[in-house]
Amino acid sequence: MSAPPAPPSPPAPTPVPPEELRELLREARTIAVVGLSPRPERPSHEVARYLLHAGYHIVPVNPGHAAILGKRSYPSLSAAARDHTIDIVDVFRRSAAAGAVVDEAIPLRPRLIWLQLGVVDDAARARAEAAGIPCVMDRCLATFHSRLFED
C-alpha cells in the first residue's frame, strides 16, 4: 500500500506588506497578463475578466492569438510595452518559464511583478527585488485583490 500524497505546501509568504500592495493595486491602471488564454475555463482568462471588471486595462501577452477578451494580444512583454505603460506584470506561465518573463519585465520597470498561484521562482523574485521591483509569487492576483478591497 502506498503512502498518501503529501499535503500541498502553503503559498510562499509575500515579502510585500499588504498596505504597500493595496497602494500599488489602487494606483495601477494597466496589467499585462503573460500567458493569457482565450479559453474561458482557464484560470488566466477568469482572472483577466475579474481584473477588467475591477477597472484595469488588460494587455494580453500570448503569441498564439491576435486578440483575447477583445484586446490586441502581443507576442511578448517587450512588444506590449512599446504600445502601453505597464504597471503590473501578471504571469501565468510554468515556474520553469517564469524567470525569463521576469528578466524581460525588469528593464520595462513595472511597479509590480505577480507570479500566479503555483508559479514559484525564488531566484527570479530576488532579481526583481534587487532591481527595486516588488514581486509576489504563488498567489492569485484576483483573490488577493478581492480580499484587499472588500469592504
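Hi everyone. Two strands pair if DSSP finds at least two bridges between them, and strands here are DSSP runs of E, at least two residues, while helices are runs of H or I, at least four, both numbered from the N terminus. What we have is a predicted model, where local features need pLDDT of at least 70, side-chain atom pairs count only at pLDDT 80 or more, and totals for chains, interfaces and linings use all residues. Residues are numbered from 1 along each chain as its sequence is written, and side-chain values use heavy atoms, leaving out hydrogens and water.

Let's start with the sheet. Five strands make an open, parallel sheet in the order E2-E1-E5-E6-E7. E2 and E7 (135-136) are the edge strands, each pairing on one side only.

Next, helix H2, residues 43-53. Its buried residues (under 20% relative accessible area, 1.4 Å probe, protein chains only) are Ser44, His45, Val47, Ala48 and Leu51. Down the axis of H2 they fall within an arc of 165 degrees, so they line one face of the helix; that arc is taken from the directions from the helix axis to the C-beta atoms. Among the elements covering them are E1 (30-34), E2 (57-61) and helix H6 (141-149), with cover counted as contact, heavy atoms within 4.5 Å. After H2 comes Gly55, with a positive phi near 100 degrees.

Notes: Buried means under 20% relative accessible area, exposed over 50%, partly exposed in between (1.4 Å probe, protein chains only).
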